Amino acid sequence: MAGSTNKTVHDIFQTMEYGPTSTSAATAQAWLEHRSRALDLFIDGKFFHPVDRQTRSVAGSSGETVCSTVCAVQEDVSLSASSAASGFKYWSGLTCHQRAKVLLSLVSGLQRHGQCLSELSDLSQCPSSPSTLVRLAQYYASWAQLRDTLIPDWTPWGVVAVVVSDDCSLYSLMLKVLPALAMGNTVVLIPGLRTAPSALLLAQLFVEAGLPAGVLNVVTGSNASLGTSLAQDPNISYVTYSGNKQDGEMLCKATAGMGVPVSLSLSLGATCPFIIFESADIDSAVDGVIEIAFKKKKDCQWLLCVQEPVWDNVVARLKLRLGRMKCVALTTEAERGLVENAVHEAQQQGATLIQASPVPPSGALYPPTVLCGIAPSCSCVVTPPPGPLLPLLSFRSHSEGVTLGNHSPHGQAASLWTEDLTLALEAAKSLSVGCVWVNSHSVADPSLPVSGHKDSGTCTDGGKEGLFQFLRPSSSSCPLPRSSPASVDYSKFGTEASAAVIPDASDPSSVPSSHLQLVGGKQCKAVSGGSMSVLAPDGAVLAYCPDGGRKDVRNAVEAAIKVQPGWMKKSPAARAQSLYSLAEGLEQRKREVTASLRSQTGLSLEEAEKEVELSIARLCDWAARCDKERGGALLLPQSGSALSFPEALGVVGIVLPDSSPLLSLVSLLGASVAMGNAVVMVPSQKYPLPALEFIQVLHSSDLPGGLVNIITGSRDQLTQALANHSVIKSVWYWGSHKGCQYLQYTCSSPLKTLWLHSQEREKWTSPHPSLLEEMWRQAVQWKSVWIPTA
């Protein structure tokens with residue numbers, strides 16, 4: 001080979017230099033030249049070049065211009081959404097087999113043109129593996145074939161907007177596009193700057209595979225503004241985003257109140273723990289962390305945690321390996337300034353450095369650097385800058401290692417290294433992340449469901465479970481009707497004090513009864529001491545209930561977080577038994593609850609008795625579901641084994657609807673508690689008495705005190721308190737359009753999963769099985785664990 005040197009194998013192993021690689025990108029260059037290196041939009045099944053549009057340049061690794069993309073405007077966005085809406089009528093009307101045939105044809109196209117796609121991705125600094133995309137297409141083609149068989153009673157949303165950030169990978173992009181198409185949706189895709197060339201090539205391959213016009217549209221430009229413009233279009237039914245947290249948060253705030261559900265996958269910029277226990281194969285572990293921590297293009301930053309008995313051993317091997325490494329190219333020179341500032345701060349806090357080579361005097365280069373003995377509170381641990389930095393921390397016990405791994409606000413993934421399988425499984429279950437690799441890293445397969453824990457997202461990608469974000473129950477209407485954002489002062493929402501009521505005790509015999517709320521397993525008044533009038537259907541004062549507020553929510557959450565971990569660890573059979581006992585307690589107090597329901601709502605005796613009976617049956621339904629659908633082992637194309645299982649969210653805030661006040665309460669309580677969650681429930685402001693009467697049933701059950709908390713008061717005031725409490729992981733809300741808008745805007749930081757309803761869509765008295773399944777899926781998050789074998 002021209003330019004090669006006569007080095008022996010021994011020489012190569014001594015220097016650890018990379019061998020020669022093919023740098024040819026002839027196929028991709030030819031495709032770009034065919035398009036004059038000016039890439040158009042892709043709308044209605046063909047490339048479309050609008051006039052008088054600005055362009056953005058896609059830069060290569062050396063700063064050269066690879067090509068340019070069009071900056072779309074509102075007119076282009078509307079055209080693409082209209083095309084997708086027309087395409088949906090045809091695409092959704094095809095049989096599952098017909099849609100599957102198109103995706104299978106795409107598999108053949110990816111295999112034929114994989115070289116071009118790989119070269120194009122490399123040129124635009126967004127490396128991708130054609131084999132992984134082939135696997136994605138094969139997997140979702142099979143789900144397109146089996147949708148109606150294995151997922152009956154669910155229907156596609158319609159037109160799905162897929163928005164990704166500029167630094168998102170092509171794999172993450174296709175992990176959104178392919179399942180959306182497989183489930184019968186049409187897609188308007190807004191790719192990032194680096195993925196735009198590959199996305200446009202894929203659109204061409206889709207057409208060659210037989211995808212009907214309008215089913216996939218690709219619109220390029222400024223992601224943040226285009227995503228907002230696209231969500232405003234009345235043809236859009238659902239928005240899903242993949243990328244960094246900052247852009248995702250901006251998208252949520254900008255789309256609040258539009259009536260469009262938004263899901264987030266925030267893997268970029270996350271900090272993931274790499275934990276080496278003393279029982280690990282140290283050489284393999286160090287090789288693994290070197291491989292992923294100092295890559296030029298990586299989706300997340302890594303935090304190395306080493307158990308103290310093997311600390312010196314690991315540090316010695318890191319010094320040996322880094323001494324033979326070269327500087328890593330940064331994306332821009334500005335990144336170098338961020339890296340240098342982070343290193344300086346770490347040194348000021350006592351960290352010592354292990355560096356591969358001296359720092360170059362200038363340029364967008366920086367040597368791989370390990371920050372030894374860094375403080376866990378240091379900013380480069382919590383929010384590390386991009387670049388080849390690896391913070392290194394120590395821990396003593398196994399539990400301390402897990403605690404250190406959970407220190408990050410992110411929950412994307414973790415890598416564990418140990419030869420002790422029991423320790424590996426126990427640590428994997430204790431880590432608050434969506435994916436755990438045991439003695440491995442960076443392995444992915446679309447068959448495994450992964451949920452974003454903590455600040456890493458609000459949805460599940462992969463597996464059957466990941467398909468449900470692109471479906472809704474066919475028996476119900478959309479939970480959020482399309483609308484324009486209301487005028488909401490977010491700083492003042494829910495802050496108006498309720499009109500306090502002081503019962504007149506001059507004639508005790510004529511004073512309506514005063515009820516207590518349930519906080520931390522105890523019945524109590526509101527912290528403020530205020531009460532609210534509860535009115536009968538004729539407007540007369542029926543009773544008084546506490547006027548709860550922020551401090552009541554705080555006390556309830558403090559009690560819930562103490563008891564929830566223990567409740568989650570109980571066996572499904574033990575949780576089921578507790579729910580059965582709760583149903584028995586409701587049966588015993590059937591007469592009192594029925595009377596409360598009648599007096600509050602004006603239902604007839606027959607209607608009230610029916611709701612109570614249905615509530616008893618619903619609790620039994622959730623008790624029976626406790627040990628069902630528990631995940632399990634999955635068959636994988638790679639060697640090794642993998643487990644997937646649902647986990648509790650933590651503490652869930654639930655704002656209940658006005659309709660069926662008792663049945664809706666036990667339905668949502670049962671779903672959340674059955675899966676291991678604790679709840680803070682806000683009863684209907686209009687009909688709180690059935691919930692307050694149900695407190696007596698809770699007291700006679702064997703549910704732990706603090707697991708279920710019931711706080712009465714102003715719906716807006718309590719919603720505001722739930723939204724701003726950092727410990728609450730999810731909010732389920734039935735209420736006003738303004739309340740939904742407030743939650744969408746506020747719950748992007750700190751990030752919470754939302755299940756919002758601005759209209760009464762549920763038929764609580766005769767629910768379809770898909771609605772109960774939706775409740776169950778809202779109550780869990782999924783985790784996958786990879787265990788390699790030889």
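Two strands pair if DSSP finds at least two bridges between them. Strands here are DSSP E runs of at least two residues and helices are H or I runs of at least four, both numbered from the N terminus. This is a predicted model, where local features need pLDDT of at least 70, side-chain atom pairs count only at pLDDT 80 or more, and totals for chains, interfaces and linings use all residues. Residues are numbered from 1 along each chain as its sequence is written, and side-chain values use heavy atoms, without hydrogens and water.

I start with the sheet. It is open and mixed, with 10 strands in the order β15-β17-β18-β13-β12-β20-β21-β38-β32-β31. At its edges are β15 (352-355) and β31 (632-634), each pairing on one side only. Inside the order, β20 (residues 413-417) and β21 (residues 435-438) run parallel, joined by four bridges. There, L416 stands opposite V438.

Next, two helices. α18 (residues 572-588) packs with α21 (residues 661-674) at about 160 degrees, their axes 10 Å apart; axes are lines fitted to C-alpha atoms, for helices over the stretch in contact, and angles run from 0 to 180 degrees between N-to-C directions. That angle makes α18 roughly antiparallel to α21 (over 145 degrees; under 35 is roughly parallel, 65 to 115 roughly perpendicular, the rest oblique). On the α18 side, R575, L579 and L582 meet L669, G670, V673 and A674 of α21, contact meaning heavy atoms within 4.5 Å.

Last, S121, in helix α5 (residues 114-123). S121 is buried, at 0% relative accessible area (buried is under 20%, exposed over 50%, partly exposed in between, with a 1.4 Å probe and protein chains only). Beyond its neighbours within four places in sequence, S121 contacts C126, P127, S128, L170 and S198.
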